[in-house]
Every structure is written in C-alpha cells, then in structure tokens.
Amino acid sequence: MSLLDEITVICPRCGLSKHVGVFRSINATNDPNLKQLLLEGRLNWQTCESCGNGFQLIADLLYHDIPKTFMVSLDDPARDVRQLSTRKELTPFVRDYVLRIVGSHAQFVEKIRILEDGLDDTAVELLKLTALTSATRALGGLRRGAIFYNGHSSSKLNFLVRDEHGVILSETEIPFPDAYAQSQKQLASRGHRPTTGEWLTINIDHVIALWFRRPAGLPASPMSMYWT
Ligand SMILES: [Zn+2]
C-alpha cells in the first residue's frame, strides 16, 4: 500500500507556507501511476501558488517492487530514527530482496531505474566512475555525484551528467553488455557478491573503497579499465 502524509512546506523563493500532501511510501506493484510520476520527476513536487516556483519536497520515501524483489529507502536526516525502525521491522519479511538506502531524490530515482532494469548496482557504480572520468575530460572538474544512470539499449548503457540544479550538462555511453560484464568480473575478483536482505548504500564511494582493497597483479585504477 502506498502512504500519503501531510506536511507544511515553505517555498524557498517567496516563503509562502502551505499544507501539502507528500508520499512517504510507494508500492509500485499496486500503484504503477505513482511509479510513473516518480520516474517523470513529478512525485512530491510542489509548485508555489504565489510565485510559481517549482521545487522538490524533502521527504523520506520508501519504494517497494514486489515482483522484482527490491526496496529503496530515501533518507531524510530529520526522520532517520523513525526510518531506521521501519527498515528494521521490514527486514525479516524481505530476506530475498535487494535493499538500498540513498540520500537524495535524484539518487532515489536512479537506483529504482537500475534495479528495475535488473542490473547489479555495484557494477553500474563502477561504470559510472569510468563514465565520469570520460565526462571530466570533456567538461573539466565534476562532482562524484554529478553522474546518473539513465537506462540502456541493447548495445549501450546511457549516463547523464547533471549540475547541482539537475540541469543536464552532457550524456555519456558505455558499451553494453560487454563493459557491464567486465565490470561484474572485476568486482567479483575483489570479493563482491550481490547480496539480499541487507540495507546497503551502494554508490561511487562504496566502489572506490571496494576497488582499493585490490589483490596483487590487478590494475591500480578503475579509470584505465575500459578507456585507454
Ligand atoms: Zn513561492
């Protein structure tokens, strides 16, 4: 069941205060229309009636896909105790699920895209590091959080580079499934195994930490793996 709550928001531009509905939980299986709104960037989005400013509501959010057996939890630091207890209560019932925690709405949507496409998100994060390296060459210095998975075709994985306001700066593609399979292989050699039933944060920092626990004889940098 999806869960709607009511909160008070203040427009960051003009300061107008208003009671609005905010989704705390989405069951993608029962409410595919909410999933669609989310993927289009329209869920928990507010347009101020006074100044017309559009902004994303900051709210914790739980996404549940039953047939694809995954859950993603978007954390709001203001409500972390409550979220922690919700996750703890859920865990015994979702032992065979992929369980993820993310820290921003953009990461939330991205994680759902990755898991819905049936991909191993650790392998995708490693490829994002590669894609980020190639984008940095073209655009100059970029934040690690600037790159997002944006779907795949039969031959390419597509990534978007965004600025801090979400504006798309560029697109990068990586061969699929070859580079993806290679990424999985490299991670397996570092002891990575996809796990279920455990709430994890899998991002570029996680992959860097995993990579530098490398066995002898393997290349020192993931950046040199696919693009030389
Ligand atoms: Zn306003």
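In what order do the six strands of the open sheet run? In this predicted model, the order is S1-S2-S5-S6-S7-S11, and the pairing is mixed. Strand S1 (3-10) and strand S11 (199-200) form the edges. Each of these two pairs on one side only. The sheet belongs to a protein with six helices and 11 strands.

The overall dimensions were computed next. The C-alpha trace spans about 60 × 45 × 30 Å along its principal axes. The radius of gyration is 19 Å. A compact globule of 228 residues would have a value near 17 Å, so the two agree. Buried residues account for 28% of the 228 residues. Contacts between residues at least 6 apart in sequence were also examined. Of these, 58% join residues at least 24 apart.

The domain assignment divides the protein in two. Domain 1 covers 3-104. Domain 2 is made of 121-193 + 202-224. Their C-alpha centres are 26 Å apart.

The largest nonpolar core holds 40 residues. Tyr63, Val72 and Leu127 have the most contacts inside this core. Helix H4 (residues 121-139) is the element that gives the most to the core, contributing seven residues. Both domain 1 (3-104) and domain 2 (121-193 + 202-224) supply residues, so the core lies between them. In soluble globular proteins, nonpolar side chains tend to be buried together. Val72 illustrates the contacts of a core residue. Beyond four places in sequence, Val72 touches Tyr63, Arg100, Val102, Phe108, Lys111 and Ile112.

Strand S5 was then followed through the sheet. Four of the five residues of S5 are buried, so this strand is largely enclosed by the rest of the structure. On one pairing, strand S2 (residues 17-27) runs parallel to strand S5 (residues 61-65), and three bridges join them. Ser25 stands opposite Leu62 of S5. Asn27 stands opposite His64 of S5. The pairing of S5 with S6 is antiparallel and extends over five bridges. Here His64 faces Met71 in S6 as its opposite residue. S5 and S6 form a hairpin with four residues between the strands. Within this hairpin, Thr69 takes a positive phi near 45°.

Helix H3 (residues 105-116) lies across S5, strand S6 (70-74) and strand S7 (98-102). Helix H3 runs at about 175° to S6. Among the contacts of Val72 are Phe108, Lys111 and Ile112.

Strand S4 (residues 54-56) includes Phe55. Is Phe55 buried, partly exposed or exposed? Phe55 has 15 C-beta neighbours inside 10 Å and therefore counts as partly exposed; a buried residue would need 20 or more. Apart from neighbours within four places in sequence, Phe55 is in contact with Pro12 and Gln46. Trp45 is 10 residues from Phe55 in sequence. The C-alpha atoms of Phe55 and Trp45 are 5.9 Å apart.

Definitions and conventions. Residues are numbered from 1 along each chain as its sequence is written. This is a predicted model: local features need pLDDT of at least 70, side-chain atom pairs count only at pLDDT 80 or more; totals for chains, interfaces and linings use all residues. Domain bounds come from an automatic or database domain assignment. A nonpolar core is a set of buried Ala, Val, Leu, Ile, Met, Phe, Trp, Tyr and Cys residues joined through C-beta atoms within 7 Å. A residue is buried if 20 or more other C-beta atoms lie within 10 Å of its own, exposed if 12 or fewer, and partly exposed in between; C-beta atoms are placed from the backbone. Two residues are in contact if their C-beta atoms, placed from the backbone, lie within 7 Å. The radius of gyration is taken over C-alpha atoms; the globule rule is 2.2 Å times the number of residues to the power 0.38. Two strands pair if DSSP finds at least two bridges between them. Axes are lines fitted to C-alpha atoms, for helices over the stretch in contact, and angles run from 0 to 180 degrees between N-to-C directions.
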